[in-house]
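Please look over the model shown below before reading the report.

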Protein chains: 2
Amino acid sequence: MARVQRDGGDDSAPTTELPAVRDQGPPAVNGRANGRGAPMPADKVRAIPEAAVARLAVYLRVLSGMAEQGAVTVSSEELATAAGVNSAKLRKDLSYIGTYGTRGVGYEVDVLTSEIERVLGLTRQQKVAVVGIGNLGHALANYGGFPGRGFPVEALFDVDPDLIGIPVGGLPVNHIDDIPDICAKRKIAIGVIATPPTAAQAVCDRLVEGGVHCVLNFAPVVLQVPEHVEVRKVDLAIELQILSFHVARNAEQRVSRRTAAARASSNGEVV
Amino acid sequence: MARVQRDGGDDSAPTTELPAVRDQGPPAVNGRANGRGAPMPADKVRAIPEAAVARLAVYLRVLSGMAEQGAVTVSSEELATAAGVNSAKLRKDLSYIGTYGTRGVGYEVDVLTSEIERVLGLTRQQKVAVVGIGNLGHALANYGGFPGRGFPVEALFDVDPDLIGIPVGGLPVNHIDDIPDICAKRKIAIGVIATPPTAAQAVCDRLVEGGVHCVLNFAPVVLQVPEHVEVRKVDLAIELQILSFHVARNAEQRVSRRTAAARASSNGEVV
DNA sequence: CGGATTTTGTGCACGCATTCACAAGCGGCT
DNA sequence: AGCCGCTTGTGAATGCGTGCACAAAATCCG
């Protein structure tokens with residue numbers, strides 16, 4: 001019951017795992033060495049570390065930028081620097097999804113793009129509902145189909161009666177009591193919670209009731225959800241506080257360096 | 001040069017470390033066993049893992065909720081469940097900042113609160129500037145001093161001439177060309193980038209020029225910054241794609257379970 | 001006062017993630 | 001054809017983070 005929420009900010013999270021699919025049928029007849037462009041033995045898909053998934057999404061964006069500029073192939077080194085990671089990590093990340101590179105050459109941009117899209121499940125559209133049409137909700141609703149196709153916003157909800165029926169970003173706002181119905185009917189896959197913290201848990205429960213398995217939570221609360229529901233959290237306050245910590249740490253460091261230097265010089269020591 | 005950006009969504013990031021403060025003065029005269037409420041040997045402050053810092057911020061919020069409800073003390077077990085982590089982890093996290101608990105009893109809510117605030121550097125205010133007053137920027141500017149005191153928004157910037165001078169959330173919008181000047185003058189500590197991706201790098205450079213050491217980046221690009229600048233990233237598209245991956249994975253799992261079951265039943269096996 | 005009970009703080013072991021370093025593979029050049 | 005240089009893919013090592021399990025401390029109670 002009620003599983004631990006995965007922090008959208010912080011994922012030193014466990015590897016993505018399927019709960020014991022121990023019976024994987026007969027000894028994998030396709031167990032041959034993967035030839036060029038082999039899409040991983042399917043039993044192994046589960047083995048992609050959560051952290052790697054996050055980076056794959058980054059690579060994807062960088063790749064589409066490169067494609068726009070007419071790049072046909074790209075080396076791990078180029079892609080890595082553009083994505084802000086080291087090239088070994090990039091190659092390992094890519095190795096989780098198969099072997100699509102050519103030694104001595106690099107990767108074909110379009111091949112890599114579509115393979116990452118495939119693994120991330122971006123080949124089918126995931127319908128999104130936004131709950132809480134305040135400042136942030138407005139921003140999200142207008143975000144315009146969410147960057148890159150794939151995530152059409154197909155329902156909006158709020159509790160404010162003045163807002164019900166008003167179109168926002170071309171879509172009318174519904175009352176949150178209708179969440180279960182509408183989500184089920186429209187087959188919403190992802191629910192985005194942009195409500196005040198007090199309403200978040202109730203909203204989340206209704207989303208789950210409506211068959212939503214994935215929730216992106218902007219409200220500063222820890223949501224309790226049943227086992228099978230995936231929650232990611234984005235929390236502005238916490239992001240700021242983490243930055244604040246670094247400010248404080250750096251300040252302290254500067255101070256202690258000063259004192260150390262002062263002490264050293266007063267002792268005639270060489271720093 | 002240009003150090004790797006720390007992903008706001010994903011932090012399996014390295015432990016917060018100071019670059020070689022090897023000279024830590026004389027052999028720490030206060031090296032005695034820490035009595036009740038001792039604030040860690042100061043040389044050890046650096047040892048707080050990044051992941052723990054993120055969680056400390058969560059504990060802080062949970063604690064303030066509890067304080068409002070009149071709680072005076074709290075056990076690690078209670079606090080842990082409320083924060084969605086296991087109690088051992090919570091205790092370990094707290095141990096990084098000192099020992100403020102009473103065995104057999106728990107923690108005093110207000111003591112713990114102020115100690116976490118101290119470590120996170122929330123005792124001094126960190127001034128924030130928001131760049132890019134679009135939908136998201138509006139939402140951020142109106143966020144109202146950011147949850148819990150500590151992060152006053154003290155400057156707004158945009159490139160759109162129609163917006164310059166217009167007050168948003170009680171603060172006039174300035175032109176992005178004035179970023180370096182104004183940030184330096186008002187001693188802005190944290191810059192929030194809510195611009196389109198194309199503008200983000202230029203904006204970031206100006207923030208750094210204005211003496212800002214911490215950046216919270218909402219634009220979907222990897223920022224290149226000098227060594228001493230701390231960047232955290234919040235990326236909606238990537239969060240959605242990670243969720244999408246889980247949807248896809250679960251779907252696949254269901255399919256493979258079905259096939260396995262079918263195979264098993266056709267073989268007369270017991271599942 | 002001593003033992004039972006509760007809860008903290010932490011040593012330890014395990015597992016995931018990152019990084020290094022190198023063999024294997026591919027294309028191009030002579 | 002054969003060699004050379006480049007780049008991938010991955011085994012192995014290291015380091016970090018998590019969770020267990022227990023000793024140490026503090027309170028309560030008889």
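Strand β6(B) is joined by two bridges to strand β7 (residues 171-175) of chain B, and the two run antiparallel; here strands are DSSP runs (E, at least two residues) and helices are DSSP runs (H or I, at least four residues), numbered from the N terminus, and two strands pair if DSSP finds at least two bridges between them. Within this pairing, Pro167(B) stands opposite Pro172(B) in β7(B).

This is a predicted model, in which local features need pLDDT of at least 70 and side-chain atom pairs count only at pLDDT 80 or more, while totals for chains, interfaces and linings use all residues. Residues are numbered from 1 along each chain as its sequence is written, and chains are lettered from A and ligands numbered from 1 in the order in which they are written.

## The whole sheet and its helices

In chain B, seven strands form an open sheet with mixed pairing, in the order β6-β7-β5-β4-β8-β9-β10. Its edge strands are β6 (167-168) and β10 of chain B, each of which pairs on one side only. Helix α6 (residues 179-186) of chain B packs on the sheet and touches β4 (128-131), β5 (153-158) and β7 of chain B, its direction making about 180° with that of β5(B); contact requires C-beta atoms, placed from the backbone, within 7 Å, and axes are lines fitted to C-alpha atoms, for helices over the stretch in contact, with angles from 0 to 180 degrees between N-to-C directions.

## Around strand β9

Strand β8 (residues 190-193) of chain B pairs with β9(B) in the parallel sense over four bridges, with Ile193(B) opposite Asn217(B). The chain passes from β8(B) through helix α7 (residues 197-209) of chain B to β9(B) in a right-handed β-α-β crossover (clockwise from the first strand over the helix to the second, with the strands pointing away from the viewer). Four bridges also join β9(B) to the parallel strand β10 (residues 230-233) of chain B, where Cys214(B) stands opposite Glu230(B).

## Surfaces near the DNA

Around DNA strand C there are 31 residues, of which Pro49(A), Gly104(A), Ser76(B), Gly101(B) and Gly104(B) come nearest; a residue is near if its C-beta atom, placed from the backbone, lies within 6 Å. The most is given to this surface by α3(B), with five residues.

Around DNA strand D there are 31 residues, and Ser76(A), Gly101(A), Gly104(A), Pro49(B) and Gly104(B) come nearest. Here α3(A) gives the most, with five residues.

Methods: Two residues are in contact if their C-beta atoms, placed from the backbone, lie within 7 Å.
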